[in-house]
Amino acid sequence: MAKIGILGAGSVGATIAYAAIIRGLAREVSLFDIARTKVEAEVLDLNHGLLFASQTKVEGADDVAILRDSDVVVITAGAKQKPGQTRMDLAATNAQICAQMLPEVLRVAPEALLLMVTNPVDVVTEVALKVTGLPWERVIGSGTVLDSSRFRYLVAKHCGVAVQNVHAYIAGEHGDSEIPLWASATIGSIPLNMWSVEGHGKMTAKDREQIVHSVKDAAYQVIQGKGATNFAVGLAVCHILEAILFDEQRVMPVSGHMQGFMGMDDVCLSVPRIVGRKGMEAPLPIPMTADEEHGLQDSAHRIHEVLRAIGH
């Protein structure tokens, strides 16, 4: 069994630790946070529940050495999104925090894969790649894995089927310019644009528009109501961790470096990729319409602009 390191013991970092323990992902989960009282309290709370979960060693400290020899380090540290803010509003602050911390992380865990969760995740993932000099396969952004889960949930709800039978992806930026890949979406192997089952309805253009709006607006709704998103993102990150630690070769829309895919370079964004123990592979040649390709390139341009604005 592996060791998971988590940088940042805020609501997202602590929830990832909680979900990882419940799912039995690792022999050891270690949290680092500069707020000593906070990280010690979270670790104490988690340890008090170990009787009811998988046997896991849970530790935490305000010393980065606690992450030593981690197989994967999950990066959640940074300013959190406030009501009214977009993820991109956090770019300069959170990119700087990651740039300062990542060399220290790799000093104690040089063989670790980095799983970036801090927002704006596509910008921060590209910064992490440049700052660390790691191979692109080892710097993975959580990307649109959560957005795709929201997307599938809404499609499943509309069509009255189990969410596990919906296969569909959100691609591009984890944010306002993300795009739905309708062309490749299926329910039970039936292309979504051909779906017409008695009692389970069809999907009109208006239905599609409303679903996409709801996916993009989801985080804002949750933040407005409770101040942060943590449960769904914790589960989404553990979904990625499972693929890595158990070498599942799972297809998921993680954010990663683009190297000539559809003419895009020097930018990280989400497209479906195979993920396993060595990290992520190159983007899969998923079918897209011309509009979807154009939307993906617009999303890349938006991320490029933010990177340039913060000096990367």
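This is a predicted model: local features need pLDDT of at least 70, side-chain atom pairs count only at pLDDT 80 or more; totals for chains, interfaces and linings use all residues.

Me: OK, and how many bridges do strand 10 and strand 11 pair over?

Reply: Two bridges, in the antiparallel sense, with strand 10 covering residues 186-187.

Me: What's the strand order in that open sheet?

Reply: The order is 7-10-11, three strands with antiparallel pairing. Strand 7 (166-167) and strand 11 (190-191) each have a single partner strand, so one side of each has no neighbour in the sheet.

Me: Switching topic: in which sense do strand 2 and strand 3 pair?

Reply: Parallel, over five bridges, between residues 28-32 and residues 57-61. Within that pair, Leu 31 stands opposite Gly 60 of strand 3.

Me: And which helix does the chain go through from strand 2 to strand 3?

Reply: Helix 2, residues 36-48, and the β-α-β crossover is right-handed.

Me: Now the sheet with strand 12. Which strands stand at the edges there?

Reply: The order is 12-15-16, an open sheet with antiparallel pairing. Strand 12 (250-252) and strand 16 (279-280) are at the edges; each has a single partner strand, so one side of each is left without a neighbour in the sheet.

Me: Which helix packs on it?

Reply: Helix 7, residues 231-245, which touches strand 12 and strand 15. The direction of helix 7 makes about 145 degrees with that of strand 12.

Me: Last one: what's the bridge partner of Gly 276 in strand 16?

Reply: Gly 279. Strand 15 (residues 273-276) and strand 16 pair over two bridges, antiparallel.

Technical notes: Residues are numbered from 1 along each chain as its sequence is written. Side-chain values use heavy atoms; hydrogens and water are left out. Two strands pair if DSSP finds at least two bridges between them. Helices (H or I, at least four residues) and strands (E, at least two) are DSSP runs, numbered from the N terminus. A crossover is right-handed if, with the strands pointing away from the viewer, the path from the first strand over the helix to the second runs clockwise. Contact means heavy atoms within 4.5 Å. Axes are lines fitted to C-alpha atoms, for helices over the stretch in contact, and angles run from 0 to 180 degrees between N-to-C directions.
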